[in-house]
Amino acid sequence: MFSSVFALLFLICSARCSTLLRGGTFITYSETTSNLEVITDGAMLFNDTIIAISHTIDGLDSHSTSSDVQTVNMTGKIISPGFVDTHRHTWQTAMRTLGPNVQLENYNWLFGSTGPAALILSPDDIYIASLMGTLEALNAGVTTSLDYAHMTWTRAHSDAALQGVIDSGARVWWCYHVGAVVISGDPYTVNTSAPIDQLAHIRELAKDSPFNGGLVTLGISADPPTAEMIETAQNVSINVITAHEVGGLLRLGPAR
Ligand SMILES: *[C@@H]1O[C@H](CO)[C@@H](O)[C@H](O)[C@H]1NC(C)=O
Ligand SMILES: *[C@@H]1O[C@H](CO)[C@@H](O)[C@H](O)[C@H]1NC(C)=O
Ligand SMILES: *[C@@H]1O[C@H](CO)[C@@H](O)[C@H](O)[C@H]1NC(C)=O
Ligand SMILES: *[C@@H]1O[C@H](CO)[C@@H](O)[C@H](O)[C@H]1NC(C)=O
């Protein structure tokens, strides 16, 4: 009984309330100097947006008496904007710690999108891996990421990954991979026609993008993107295309 009343109050409050962060170190941006600004022992008031920042710990205390304002003691903590990760294969969270010392060459065969995973992981596995991987990012302070989703082996796998990312609540550019798909391990066989259906699926998904109130946006990933992929992106108003570029001894992706 107590917990349900508490939950109800919290819900009513979270829609309208503001939060006062009191104390702590704020890593922020100064409009005046157009530069990074670090405020120690400051304060911040916010709801869905930042309302005020103070350079002193008690500078916003006048708000703390309002019943709509929740005060949090931030002494000893750091408050910073969310980090942005521009390259993540969230589904591979399922294989976290399995290959800590493999080289890139072996990694591709063992853990990559054209390795055994394609024949082993179910859509449910991919859903859980994508959800957990994105929650893991949020937990580490990464509030925005680009997911190079190269587990687009079937429509069911693709839908499951996208749903996992949507359910996380994070801000994600979810970049649907277009490329050949492994269909047999022995003998090793890939379907080089897979992009035909992947592009058709992208055209369908694009009708509903962005998802989750604008948080999750559909993009494309490919190594390398072809003229057809770029034209498809233009036709359905997709404005993010991502690719790998690995130089050095082990050249992967398009050689430029
Ligand atoms: C957040 O606070 C500002 C300033 O008090 C107010 O104008 C705005 O309506 C509030 N937003 C929400 C979602 O409560
Ligand atoms: C905030 O937390 C610090 C560290 O735990 C503590 O010393 C301080 O008294 C607290 N301030 C308030 C207003 O509760
Ligand atoms: C290969 O992909 C094409 C087009 O996406 C599909 O029609 C075909 O059934 C696939 N072939 C196999 C053997 O999975
Ligand atoms: C893009 O749209 C044009 C006009 O409808 C169409 O002719 C073309 O085939 C489309 N391209 C792709 C790659 O789907």
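The residues in question are Glu228, Glu231, Thr232 and Asn235. A residue is taken as near a molecule if its C-beta atom, placed from the backbone, lies within 6 Å of it.

The model is predicted: local features need pLDDT of at least 70, side-chain atom pairs count only at pLDDT 80 or more, and totals for chains, interfaces and linings use all residues. Residues are numbered from 1 along each chain as its sequence is written, while chains are lettered from A and ligands numbered from 1 in the order in which they are written.

The protein comprises 7 helices and 14 strands. These are DSSP runs numbered from the N terminus, helices being H or I of at least four residues and strands E of at least two. Along the principal axes, the C-alpha atoms fill a box of roughly 70 × 50 × 40 Å. Of the 256 residues, 27% count as buried. Buried denotes 20 or more other C-beta atoms within 10 Å of the residue's own, exposed 12 or fewer, and partly exposed a count in between, with C-beta atoms placed from the backbone. Among contacts between residues at least 6 apart in sequence, 64% join residues at least 24 apart. A contact requires C-beta atoms, placed from the backbone, within 7 Å.

An open sheet is formed by 5 strands in the order S8-S9-S10-S13-S14, with parallel pairing. Its edge strands are S8 (83-88) and S14, each of which pairs on one side only. Strands count as paired if DSSP finds at least two bridges between them.

Strand S10 (residues 171-177) is mostly covered, with 7 of its 7 residues buried. In a regular strand the side chains alternate between the two faces of the sheet. Both faces of S10 are covered. Arg171, Trp173, Cys175 and His177 are buried on one side, and Val172, Trp174 and Tyr176 on the other. S10 pairs with S9 (residues 142-149) in the parallel sense over 6 bridges. Ser145 stands opposite Val172 in S10. S10 is also joined to S13 (residues 216-221) by 6 bridges, again in parallel. In S13, Val216 is the bridge partner of Val172, and Gly219 stands opposite Cys175.

Helix H7 (residues 227-235) has buried residues Met229, Thr232 and Ala233. These residues lie on the same side of H7 because they cover an arc of only 100° around the axis. The arc is that of the directions from the helix axis to the C-beta atoms. Ala227, Glu228, Glu231, Gln234 and Asn235 are exposed on the other side of H7. The cover over the buried residues includes helix H6 (194-206), S13 and strand S14 (241-242). Thr232, buried in H7, is also one of the residues around ligand 4.

Most residues other than glycine have a negative phi, and most peptide bonds are trans. Ser237 follows H7 and lies in the loop between H7 and S14. Its phi is positive, about 60°, although Ser237 is not a glycine. Ser237 is exposed, with 9 other C-beta atoms within 10 Å. Ser34 likewise has a positive phi, of about 55°. Ser34 sits in the loop between strand S2 (25-30) and strand S3 (35-40), and is exposed with 7 other C-beta atoms within 10 Å.

The peptide bond from Asp186 to Pro187 is cis, with omega near 0°. Pro187 is in the loop between strand S11 (181-185) and strand S12 (188-191). Ser209 and Pro210 are also joined by a cis peptide bond, with omega about 0°. Pro210 belongs to the loop between H6 and S13.

Note on methods. Contact = placed C-beta atoms within 7 Å.
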